[in-house]
Amino acid sequence: MKQIDIKSMETLEYPKIINQLSEFTVSSLARKKAREILPAKEYGEVSKELEKTDDTVKILRLRGGLPLGTYHDVRPQLKRMEIGAVSSGQEIVKIGQLLKGTREIYEFLADLKEEKIELNHLYSIGERIVVLPKLESRIYSTLSENGEVLDSASQKLRGIRTSIRQTESGIRDRLNSIIRGSQAKYLTDSLITMRNDRFVIPVKADNRNVFGGVVHGQSSTGQTLYVEPQKVLDLNNRLKELESEEKYEVERILLELSMDVVAYANGIIRNLEIMITLDLLQAKALYAREIKATRPSVREDNEIELFQARHPLIPEDEIVPNDIRLGNLFKTVVVTGPNTGGKTVILKTLGLLQLMGQAGLYLPVEEGSSIGVFNHILSDIGDEQSIEQSLSTFSSHLTTIVSIFEVMDENSLVILDELGAGTDPQEGAALAISMLDSIGAVGSFAMITSHYPELKLYGYNRADTMNASMEFDIKTLKPTYKFKMGIPGRSNAFEIAQRLGMNKEIIDNARELMTSESQNLDEMIRDLDDKQKEAEETSRDLRRQLLEAEKLHRELKNTHEDYQKEKEKLKKEAQAEANQIVDQTKEKADRIIEDLRAKQLASADRSAIKEHEFIDAQSQLSDLKQEEERLKKNKVLQKEKDKQSFKEGQSVIVHSLGQRGTLVAKEDGEWIVQMGMLKMKLAESDLSVSQEEEKETRGTSFYGASSSVRPELDLRGERVEAALSKLDQYLDQALLANYKKVTIIHGHGTGAVRKAVQEALKKNSRVKNYQAAPANQGGNGATIVDFK
């Protein structure tokens with residue numbers, strides 16, 4: 001990169017932007033890389049970088065961002081490990097943090113991919129992550145979060161540390177017996193302290209020989225000696241031996257762990273580089289949210305359209321957004337008008353946003369904006385007089401422009417402020433026009449500002465050149481900072497003088513002194529200004545409507561796509577659930593049929609099976625029936641149901657009980673059915689009209705030769721839940737069989753079944769009373785039930 005390119009980026013305040021960007025990174029590594037970002041110069045590279053930013057912006061919007069945790073530069077540790085050095089626990093834990101962080105990123109991206117969230121490049125970046133779960137687990141099973149080697153790292157280390165704790169406890173016990181016993185009078189204080197890594201007690205200097213042992217130090221006054229008593233000398237020596245063994249074992253464990261880590265050094269370094277990349281990409285997304293930026297499109301023809309562009313370094317409530325265009329029909333824009341109107345801000349906004357876009361950053365513009373891709377973005381803005389070289393303002397600017405002209409080409413963007421200023425106006429204007437001709441001859445894109453009226457005519461007469469200006473409010477005598485394309489700037493001197501109260505004769509005389517050409521030009525500018533205001537207002541309304549229509553179209557398209565995806569998902573889930581229900585139902589039905597066949601084969605009279613067995617089987621088969629809501633969509637079944645019409649006195653079949661009954665009356669959409677001495681309210685869906693042939697079939701094939709329900713129910717060996725289910729079913733069958741009294745056999749056991757049975761009987765409205773059976777009929781192991 002040329003020196004003039006670097007100087008131009010500083011002039012346009014690009015370093016301030018990337019410094020702000022760097023503050024949104026997690027790690028100092030990504031922060032450093034952010035400050036080194038330079039604008040790309042290839043169309044494909046710029047588009048790719050913006051697509052990567054687009055990925056992280058989408059993730060930030062949908063998931064709140066990537067799960068980036070703390071990570072550190074582990075390359076120095078890995079380099080030392082490669083030459084055989086042993087890393088500390090703290091250094092190895094940092095590698096564990098990196099492995100954990102990259103694994104979480106990998107799993108996060110895998111989940112997004114499974115949810116079919118479309119991303120441009122992040123999936124391919126995530127697939128390069130080297131996931132090392134065994135090494136990660138080994139690190140965290142050996143080291144704590146602070147890098148300390150855990151007791152569980154080895155059996156030997158656990159034993160050594162247990163011995164250390166026991167030895168320390170023994171030392172403290174012996175020293176406590178001194179400081180709390182009769183010898184405490186020889187001490188200056190009742191405490192245990194450390195000197196030279198050994199346990200000692202503070203002894204009065206006059207009593208140094210009372211305890212024997214070793215003196216490890218004294219107080220500043222010399223009145224207190226820190227003595228290791230003879231009675232703990234051996235324990236202290238043993239403690240030092242254990243601590244030495246612990247140190248050796250810890251070093252051995254860290255050496256083994258270092259060897260395990262270094263085997264994957266290349267993969268770990270790759271993971272670090274990926275984390276830095278993702279950290280920087282997420283910082284771009286966060287910065288875009290901070291400055292309320294959008295993604296611009298990239299034009300290969302270098303046409304720039306920045307709608308409602310804002311300078312990112314100026315507070316939003318202090319900046320006036322403007323539309324800036326360059327390219328297509330005009331490659332040069334000449335901005336004229338008085339000072340303090342905002343011309344320089346427009347120049348800086350154009351150059352800075354173009355640099356940001358080529359660096360892969362979103363821009364503070366409205367959607368639909370576009371940028372080009374330039375080899376050089378060259379600028380000369382403001383008064384940069386060099387005192388060191390004793391150059392004038394004119395010379396300073398000219399020196400910079402000479403450097404610009406040396407490197408500019410047909411793919412350059414040139415931004416010049418106050419071109420030709422600082423010298424004689426006539427010569428300065430001529431020089432400015434000549435420089436614009438030179439820029440046009442090379443084919444560069446350019447935006448310049450000037451005070452010279454000659455440049456207004458240049459902008460009007462030259463091909464590929466457009467006039468522009470900054471609006472000035474005559475009524476308030478203040479600039480509005482609105483950028484107007486196609487209109488050259490006016491001085492407004494006469495209007496300002498008149499509003500400030502200058503004598504009308506003086507103003508009229510001044511007008512007469514102006515040439516007719518100047519007056520005509522001024523009137524033309526005023527007329528153009530009025531017409532453009534009207535055109536801009538219309539254009540702004542149409543563009544707003546277009547953006548709203550495009551936004552609505554995108555929302556409708558996304559909603560339709562989401563609906564189709566959800567529809568397919570629900571359809572597949574429903575199919576899977578239906579298939580599962582069918583399989584489970586068939587399996588249960590097959591088991592019931594097999595059980596009936598087995599009982600029939602085992603029966604002496606194969607032509608008949610006991611009634612309660614058939615009722616049990618019928619109830620089980622009824623339980624396989626799907627809920628009514630699930631069957632409502634079955635048109636065949638619904639049509640068959642519609643054929644049936646019920647009326648009072650009609651004989652019907654109750655499917656859920658496998659019994660016949662008579663319709664008594666209809667209440668609230670349900671029928672009261674009389675079945676023997678029992679009356680029940682049932683839904684029509686549980687009933688069907690009884691035909692004579694159906695009665696005969698049911699009488700021979702379903703009930704067999706004899707129909708009876710036993711007057712007793714045996715629940716021994718059943719769990720409480722199963723027992724209550726069988727009890728409820730049996731009571732219905734007993735009532736249908738017209739029993740007045742039945743016996744429930746539940747056994748003694750823990751009493752849980754008996755208690756549950758009697759509790760259920762107490763709540764049953766059809767039970768008159770119940771009591772324990774007589775002693776000769778089972779006593780508390782059975783309950784006699786009387787029906788109402």
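Strand β10 pairs with strand β11 (residues 412–416) in the parallel sense, over five bridges. Within this pairing, I377 stands opposite L413 in β11. Please keep in mind that the model is predicted.

- Six strands form an open sheet with mixed pairing, and their order is β10-β11-β12-β8-β13-β14.
- The edges are taken by β10 (376–380) and β14 (478–485); each has a single partner strand, so one side of each is left without a neighbour in the sheet.
- On average, neighbouring strands of this sheet are turned by 15 degrees against each other, direction ignored.

- R198 and E228 form another salt bridge, in which the closest N and O atoms are 2.7 Å apart.
- This pair links distant parts of the chain, since R198 sits in strand β2 (residues 198–204) and E228 in strand β4 (residues 224–228), 30 residues apart.
- Are R198 and E228 buried or exposed? Both residues are buried.

**A pair within helix α10**
- R238 and E241 form a salt bridge as well, with 3.4 Å between the closest N and O atoms.
- Both residues lie in helix α10, three residues apart, about one turn of the helix.
- R238 counts as partly exposed at 36% relative accessibility, and E241 counts as partly exposed at 43%.
- Salt bridges that share partners join R138, E249, R252, E256 and D260 into one network.

**A closer look at E249**
- E249, a member of that network, has its place in helix α10 (residues 230–262).
- Why does E249 count as buried? Its relative accessible area is 2%, and buried means under 20%.
- Leaving aside neighbours within four places in sequence, E249 is in contact with S154, K156, L157 and I160.

Technical notes:
Residues numbered from 1 in each chain as written. Predicted model: local features only at pLDDT ≥ 70, side-chain atom pairs only at ≥ 80, totals over all residues. Heavy atoms only, no water. Helix = DSSP H or I, 4+ residues; strand = E, 2+ residues; numbered from the N terminus. Buried < 20%, exposed > 50% of the residue type's maximum accessible area, 1.4 Å probe, protein only. Contact = heavy atoms within 4.5 Å. Pairing = 2+ DSSP bridges. Axes fitted to C-alpha atoms, helices over the stretch in contact; angles between N-to-C directions. Salt bridge = Lys/Arg side-chain N within 4 Å of Asp/Glu carboxyl O.
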